[in-house]
Amino acid sequence: MNQEAYQNQSAADIEARYRTLSLRLGGVMLVFFVAFTVFSVLVGIVIPLLTDLMPHPYGVVVYELLYGVLYALCFAAPAFCFYLFARRDKDYQPLDLSFSLPRHVPLYIFVAIAVVSAAGYVNSYLLDLISFDILPDLVSVGTGATTNVELVLMVFTMAIVPGFIEELLFRGVILKNMLPFGRTTAVVASAFLFGVMHQNPAQFFYTTVAGLVLGYIYVHTRSLWCTVIIHMCNNFLAVVYTVLGERLSPEIHPVVVLWIELFVFVLGGACAVYLILRTRRTGAEVKRDGAFGHALATDAEYTDLPLPLSRRVKLFFSAPMIIFLVLAALEMAALLLLNMVL
């Protein structure tokens with residue numbers, strides 16, 4: 001649908017389109033919840049029973065590979081369901097996996113990781129403030145890598161697979177299909193669902209901020225691969241912290257982590273200043289149509305449709321979406337209760 005066709009739509013037509021999209025997104029998140037529940041049972045109970053029978057390290061290798069594949073299916077299944085729901089809709093925004101990157105990808109990476117790391121510190125402070133001492137295991141990255149083979153598998157299951165498959169669903173499908181109703185609406189809604197998706201009350205603030213950062217970068221670069229690379233790098237840094245915690249002495253470990261974090265913050269801040277100054281030098285035209293030297297085309301995909309914010313918010317919480325949010329909240333409450341009991 002072109003720009004003129006968008007402008008000629010009535011308010012009722014626009015609201016009907018948004019309502020349909022909200023219903024589909026709610027259905028997609030319900031599919032995700034079911035898939036993730038099955039995944040949790042398989043990796044928590046079924047697969048360990050099978051892999052424990054295998055000699056070391058084959059059992060570990062098989063477990064990690066199955067973990068990565070099943071985790072990917074948790075996100076691929078809802079993305080495919082959305083395609084089935086909407087493929088014949090003239091307004092459907094198809095997934096774009098064409099490899100395109102903005103010129104300043106390294107700068108985006110350092111800025112994004114710095115912002116997300118800062119959110120991690122705020123998240124930790126909030127947990128301490130409300131005395132969430134019952135959640136240490138929920139916040140941890142993993143059990144640690146004891147061998148080089150396990151380290152490679154850890155990078156696969158914690159950085160490569162999540163970095164790609166989570167971006168595919170939340171930026172490539174959800175955010176992109178919400179863009180016609182406004183960039184802010186698309187970024188905030190996809191980030192909110194990204195935070196809820198983790199079903200971890202101790203990580204909600206952190207993951208939601210990460211979703212906002214990734215969504216903003218996707219909107220201003222139109223490159224799914226840019227956010228995939230950023231997501232992978234951020235998760236890889238978490239793997240590095242885990243390995244350092246295991247392989248360094250208790251005295252050296254915090255010092256090394258501190259220097260890494262200082263490096264990330266300083267470099268990220270410098271990159272942010274450069275990008276901001278560069279944007280200002282390009283003048284008002286680029287400020288209006290894009291950011292950071294990558295112009296945003298004024299095509300239909302990025303057109304704000306005239307739907308009031310109050311209606312967008314109300315219609316977003318469709319019946320399937322409310323069911324998903326209630327189920328996710330119940331699961332998070334169960335995790336809290338389980339940790340209190342144990």
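**View 1. The protein chain as a whole.** The protein chain of this predicted model holds 13 helices and two strands. Of its 342 residues, 47% count as buried, while the chain exposes about 17,000 Å², with carbon and sulfur atoms supplying 70% of that area. Among the contacts in the protein chain with a separation of 6 or more, 81% are accounted for by residues 24 or more positions apart.

**View 2. The packing of helix H2 against helix H6.** Helix H2, spanning residues 11-51, and helix H6, spanning residues 148-178, pack at an angle of about 165 degrees, and their axes lie 10 Å apart. Because an angle over 145 degrees counts as roughly antiparallel, H2 is roughly antiparallel to H6. From H2, the contact draws on Tyr 18, Leu 21, Leu 25, Val 28 and Met 29, and from H6 on Leu 169, Phe 170, Ile 174, Asn 177 and Met 178. Sorted by class, the residues of this contact between H2 and H6 are nine nonpolar and one polar, with no charged residues.

**View 3. The crossing of helix H6 and helix H8.** The axes of H6 and of helix H8, which covers residues 204-221, come within 11 Å and cross at roughly 60 degrees, and the two helices, H6 and H8, are therefore oblique to each other. The crossing in which H6 passes H8 is right-handed. On the H6 side, the contact is made by Glu 167, Arg 171, Leu 175 and Lys 176, and on the H8 side by Gly 211, Leu 214, Gly 215, Tyr 218 and Val 219. By class, the contact of H6 with H8 comprises four nonpolar, two polar and three charged residues.

How values were computed. Residues are numbered from 1 along each chain as its sequence is written. This is a predicted model: local features need pLDDT of at least 70, side-chain atom pairs count only at pLDDT 80 or more; totals for chains, interfaces and linings use all residues. Side-chain values use heavy atoms; hydrogens and water are left out. Axes are lines fitted to C-alpha atoms, for helices over the stretch in contact, and angles run from 0 to 180 degrees between N-to-C directions. Helices (H or I, at least four residues) and strands (E, at least two) are DSSP runs, numbered from the N terminus. Angles under 35 degrees count as roughly parallel, over 145 as roughly antiparallel, 65 to 115 as roughly perpendicular and the rest as oblique. Contact means heavy atoms within 4.5 Å. Ala, Val, Leu, Ile, Met, Phe, Trp, Tyr, Cys and Pro count as nonpolar, Asp, Glu, Lys and Arg as charged, and the others, Gly among them, as polar. Buried means under 20% relative accessible area, exposed over 50%, partly exposed in between (1.4 Å probe, protein chains only). Accessible areas come from the Shrake-Rupley method with a 1.4 Å probe; for residues, only the protein chains shown count as cover. A crossing is left-handed if the near helix is turned anticlockwise from the far one by less than a right angle, and right-handed if clockwise.
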